[in-house]
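Visitor: I'd like to learn how to read a protein model. Could you walk me through one?

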Amino acid sequence: MAIVTACNQQELAQQLNSIRIARVLSVLPPMQQQLLHLIPLMLQVNHADLPGALNEKTPCGIDFFSLTDEAIQACNAMSLGVPVEVQASSTAFEGVYAMGSSASFGQNPQSDIDVWLVYKNELTRKDLELISYKNKLLTEWFAGFDFEVNFYLVHPMQFREPSVLAHIQSLGVEHSGSSQHWLLLEEFYRSHIRLAGKTVAWWPSANQDITRQYPHLLYLGDVTSLPAAEYFGASLWQLYKGLNKPHKALLKVLLLETYAFEYPDTTLITQQIWQMCEQQNFSCDNDAYLLLYYRIERYLLAQNDNSRLEIVRRCFYLKSGVMLSQWSLQNELDWRGNKMQQLVDQWNWSPELIATLDNSIYWHSGQLKWFNQQLSELLLTSYKNLLQFASTQALSDRMRVEELGLLARKLHTYFSDDDHILQPLNRLWSLSTQEAQLTVRYCNVASRFYLYRQKQPEGAQVETQTSELAGVNTTQVIHEADNVCSLVAWAVMNGLATADTKWSQVGRGSRRADKLGYLSRKLIPVLHNVPVVLKRHLSEPWFYQKIVFVVNVDDDPTVNWQGQELMFDYIDLNVLSFGRDKTNLLSSIAVVCLNSWGEWQSHRFSGDTALLEAISFIILGLKRSDEKLDLSIISCSAKLKQPIFNQLKALLLRCYGLMKKVNQTNTLMHQITVGEYRYGMYFNSLGMMYRKIDTTVKKDLVENLVLARPELIDDPYASVPSVIQQFVATGAKQYFLRERNDILDVFIVDENNQLTQQQYQDVSMKDFVGKESHLYVFNQRQQRLPVFNMPQFFQLSRIEGELQVIPFGLSDDEMGTAF
C-alpha cells in the first residue's frame, strides 16, 4: 500500500508540474519560450556553441537529464549548435527548478525567472565559484534577449542541517541570507517547476527516508511546523524587497501576517495545493498566487479591514499583468483572463479604475506618490503586527544579527519619519516621472512649502488627501517640506524635474521662477550620480559623500549691490561682512547632503550665523569622509555668484582640513568675521562649536591657535580607547566591545554622542550582541526609537599591535560587496 501511495504522489506532482510548464509557456512570448527550454541544456553541458562555456572545468550535468525535442528546436531557432553528446560522466546538480511567480497569477511580462540549482554535496568551494561565474554569464546572455533569469545555488541539506549554512550566499540584493529559512522553502514547495532533474518530494507525508527507496526523488526538508522565530526576519526581508517592488512584497508580508495570526495551527498554502491535487483539482483555482490572495482576503475580511483589502486587490491585479480593459485576441491564450474578470466583477470595480490600473506605465508623479504612500502604510502596519507576534518569541537562531542590522539600516532611509530625509519615490510600473510644469506654494499658516505637478491658480486651496487613485489630479500636493530647497531637491532626485521642466511659485514673479529653474538644473548632475552603497558602509558610522551648499535661494542681499564684480574680487572684500554696514551677503544656507548609508537629507539655516550653524552641523560627518568627497556650492544670488562661491569654497576646505587634523587631546581654532562680529570656530574630535571673540584682541593673536582640549580631565572620552572617537556619529547608537580574559568591556555611544562604560563577566561577545539586539527590537516602549534605527556593534581588536575597530560579524569579503 505504501508503494502505491508513493507512486501516486509522484504522479500527482508530475501532473501539476506538466500543467505549470504549459501555463508558463502560454504567457511567455515565443522568443522567451525558446529560451526557457534552453536553461537545463546549458547547465547539462559545457559546449563551445552554447553560452557560458568558457571554462571546460566548470562542473555540469543534471541527474536523470534527457534531451527534449523542445530543447533541440530551441537550439535551432536561436542558431545554436546542438551538442552531439549530452550525457555527462558525472553530474553536478540534483535538479534545476524555476520558482516564484512563474506559471501563476503573479506572472506578468516583466517577471523574472528565478532558478534554483540544487547542487551535489561533494562539490568544492572552487567548483561553486566556477558554477557561479557560468551563471553570471548565462544571466547576461539571457538579458540580451530581454529575459531576466537569476540563478541560485542551493545545498541539498541546507534546510535540514544548520551546519551547512556556511555554504549559502550572504545577504544581498537577490538573496535573503539568514533572514528567512523555512519560509523560503515553503515558497519553493508551493511554486516550483521542475525543469530537469529529480522530482521534489514536497507532499506532506514525505520524509528523508523516501529518497533511499526512490533515488529519483529529492527531499529538501519538512515545512509543516514553521518556527515562530523566523517570522520577524522574513518580514524584515520582505520589507527590504518592498523598496523596489512594494506591491509584490505587500502580498508576501500580509501572507506572513496571516500565517502568524493562525499560528500554531497554520495551514500552509503548500498544504492547500497538495490537497487540491489529491482531489484531482488542477484548475486555475489550484494556483499558488491565487490561493495566496484568497488567504489574505479571508484574513482581512475577518478583521473587517476593507481599506487594506482594496489595496491588496489592486496589487494582485497589477502583479498579474492581465489588462482587462485592453483584452484582445492576442491575450486569449492567457489562462487567467476569465478568472480575473470574475474577480473584478466580485470586487465591483468600475471600468475607469480598471483602465487606470491597466495604464500604470503612464502614471504621473501624483498617482505614484499616492500609491506609494498606501503601500508604505500597509507594509508598516503588517510589520508592526508581525513584530507584536514575534515579541513573544526569540529571534531565530539561524539569523545573523549583523544581517539584521544591515536590513534595518537600509529600511531606515525609506521608512524614517525624519522630515529632513528626502524619500525616494518608487516609479513602480511607470515609464517616467518627468513633469513639464512644477509649481511651489507657500502656506503662511503651516509655514511649509507645497509642490504641485502643474501650474496652480492664485486662489486654489491646498489639497493633500484623496481616496481614489484615478482621482489624483493636479490639485493634489505631491510633496511638502519646511524649505523650498527640499522641494526642488526631492523633485530632481526622483526625476520629476529635468532641464526642460518649467517652475513657478504662486504669488511670485518670473525672477523667482528663474531661480527655482536655475537651482533645479544645477542639482541634476549632483543628485543623479551617486556612489554605490556597500555593506561596509551600512555596518559602519555614516559619513558624507556629497554635500551641496545652496546660498540665497530665499532672500538675496546681493540684489542691492551696485558695484562691479571685478572690483569686488580685486579688493578682496568679505562677502560675510561687506561694506560700511558690515552686511552679511548670505541670507540663508540650505545644505543638501548624501551620506554613506545612501540617505539624502536637506537642512536649512537662516540668520547672521546661518553659515556657522551649517558648518557645525556637517563637520562631524566630514571627519570620516575620504578624498572622494564631492563638495558643491550653488549660489542662487542675483549678483556676486563667483565671489560668494570662491570665499565659501575656501572656508569649507579650510574647515575640512582642520577637522582632519584634530585628535583626542587638542582643539584647533579658526577665526571668521560675520556681520559685525568676530567668531572663533573651535574644532575637536567631536565636532565644531563657535563663539564670539572680543574684537579688541588683535587678529594675529587668536588666529590658528592650537589649544589643549578643554576640560579634558572630566571628558568621559579621555578614559576610553582613542580609536573610538574616530567612529562616533550622531543619530546612531553604537556599541564598542572588547574581550579581555573573562571580562567583556562595553563602551556605548548614544545618538547624541554621550558615552557610558560597562563590564560583564563570563558573557561572550556573540551572546551580548544577540541579547541587546533582541531587547532593542522587541522592547520599543522603553526605547522610544524607530525599530529600523538599529544600534551598530563593533569589535575592538588589536592587529599588529594597533587597536582597530571592526564591524561585528562581517568578513572582509562581505563588506566589500554592494547592498
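Visitor: Okay, what is the average pLDDT of the chain?

Guide: Keep in mind that this is a predicted model. The chain averages a pLDDT of 87, and 88% of the residues score at least 70. Residues 708–713 have a pLDDT below 50, and this stretch makes 16 contacts in the model beyond near neighbours in sequence.

Visitor: Next, the sheet. How do strands of a sheet pair?

Guide: In general, strands of a sheet pair through backbone hydrogen bonds, either parallel or antiparallel. Here you can find an open sheet of four strands, in the order S9-S8-S7-S10, with mixed pairing.

Visitor: Which are the edge strands?

Guide: Those are S9 (479–481) and S10 (502–505), each pairing on one side only. Ignoring direction, neighbouring strands of this sheet are turned against each other by 20 degrees on average.

Visitor: How many bridges join S7 to S10?

Guide: Four, and S7 (residues 437–443) runs parallel to S10.

Visitor: Now for helix pairs. At what angle do H2 and H3 cross?

Guide: Helix H2 (residues 30–44) and helix H3 (residues 69–77) cross at roughly 115 degrees, and their axes come within 8 Å. Angles from 65 to 115 degrees count as roughly perpendicular, so that is the label for H2 and H3. The crossing of H2 past H3 is left-handed.

Visitor: Which residues meet there?

Guide: On the H2 side, look for Gln34, His37, Leu38 and Leu41; on the H3 side they meet Glu70, Ala71, Gln73, Ala74, Cys75 and Ala77. Sorted by class, the contact of H2 with H3 has six nonpolar, three polar and one charged residues.

Visitor: And are H8 and H11 perpendicular or oblique to each other?

Guide: Helix H8 (residues 246–262) and helix H11 (residues 306–320) pack at about 130 degrees, with their axes 9 Å apart. H8 and H11 are therefore oblique to each other. Their crossing is left-handed.

Visitor: What makes up that contact?

Guide: H8 brings His247, Lys248, Leu250, Leu251, Leu254 and Glu257, while H11 brings Arg308, Ile311, Val312, Cys315, Phe316 and Lys319. By class, the contact of H8 with H11 has seven nonpolar, one polar and four charged residues.

Methods
Residues numbered from 1 in each chain as written. Predicted model: local features only at pLDDT ≥ 70, side-chain atom pairs only at ≥ 80, totals over all residues. Heavy atoms only, no water. Axes fitted to C-alpha atoms, helices over the stretch in contact; angles between N-to-C directions. Helix = DSSP H or I, 4+ residues; strand = E, 2+ residues; numbered from the N terminus. Parallel < 35°, antiparallel > 145°, perpendicular 65-115°, else oblique. Left-handed = near helix turned anticlockwise from the far one by under 90°. Contact = heavy atoms within 4.5 Å. Nonpolar A, V, L, I, M, F, W, Y, C, P; charged D, E, K, R; others polar. pLDDT = per-residue confidence, 0-100. Pairing = 2+ DSSP bridges.
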